[in-house]
2 protein chains.
Amino acid sequence: MEEASTPRTGVPRPGVPVRGSASGRPVMAALDLLGRRWTMRILWELRQAPTGFRELQRRCERMSSSVLSTRIEELSAARLLTLDDDGYRLTRLGQDLVEALSPLDAWSRRWAEETGPATGGGSG
Amino acid sequence: MEEASTPRTGVPRPGVPVRGSASGRPVMAALDLLGRRWTMRILWELRQAPTGFRELQRRCERMSSSVLSTRIEELSAARLLTLDDDGYRLTRLGQDLVEALSPLDAWSRRWAEETGPATGGGSG
DNA sequence: TCATAGTGATTCGAAAATCGAAGCAGGAGG
DNA sequence: CCTCCTGCTTCGATTTTCGAATCACTATGA
């Protein structure tokens, strides 16, 4: 992980140019950060209780540990995560983000209804 | 055009196994779809008015046209987008998704405040 | 001390996703 | 015919992600 003036290599944060937006608008940094694979899923899995590294990996159906490590680093740098004795835990800011994302759950159920009655596969 | 013998799910949809979740839970399909690069950004750029292909590409600071094409196909398959004379337009479901994501804007501004002196501040 | 098992985390070659610039096909106007 | 716009594809290069093995550390127990 190098660093230069390019946004590409750094962890997205508000006020700084990110992928797809040189403006530094906070929401663009958020979209860059959240648009990386597994990022939202990790936050989602942490919404209720702190979780260890390997447990987190298991819950995400064996996502690559290298990617998990990278995501944890990014989310920590963004001050959304911390690590303590019980595992990784959302910060206040992280909890707020998950709350901001929570309407997604209700929306996705509506999506499921309108996309057609569950064609194979359980729901829950 | 894509997916022929893709080892993975094609376009995520609720009720079908997706990356990281074999359960078919709607929210997992949503997280898979939205966790692909540029997906949320595209939705974000379409939240107000229909936009053409090249204009969309310009707004996303010259994202790759091949990826834009792929995303449009995915979002269309997910029934979140349609194309008409004015360009790409969110469906009702797509609008609802953008609304579900809208708390992200307010959150990101708070994130900006807590991460350091606010530099940007615009929304969209 | 040695063995076993748990943890968070790294390594590295392979595979997949994304980039980016060029180009295609079609329509409108000069 | 040419030019300029459009949505969209192609394909080699680059970046990201995968995945299994592995490391370093801690704890337990014989």
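Predicted model: local features only at pLDDT ≥ 70, side-chain atom pairs only at ≥ 80, totals over all residues.
How many nonpolar, polar and charged residues does the surface near DNA strand C have?

| Class | Members of the class | Residues near DNA strand C |
|---|---|---|
| nonpolar | Ala, Val, Leu, Ile, Met, Phe, Trp, Tyr, Cys and Pro | 7 residues |
| polar | the others, Gly among them | 8 residues |

Residues are numbered from 1 along each chain as its sequence is written, while chains are lettered from A and ligands numbered from 1 in the order in which they are written.

At least two residues each come from α3 (53-59) and α4 (65-77) of chain A and from α4 (65-77) of chain B. The top contributor is α4(A), with 4 residues.

Chain A itself has 6 helices and 2 strands, going α-α-α-α-β-β-α-α along the sequence. Those are DSSP runs numbered from the N terminus: H or I of at least four residues for helices, E of at least two for strands. Of its 124 residues, 40% are buried, i.e. have 20 or more other C-beta atoms (placed from the backbone) within 10 Å of their own.

Over in chain B, β1 (residues 81-84) and β2 (residues 87-90) run antiparallel, joined by 4 bridges; pairing takes at least two DSSP bridges. They form a hairpin with 2 residues between them, and Thr82(B) has Arg89(B) as its bridge partner in β2(B).

Note on methods: Buried ≥ 20, exposed ≤ 12 C-beta atoms within 10 Å, placed from the backbone.
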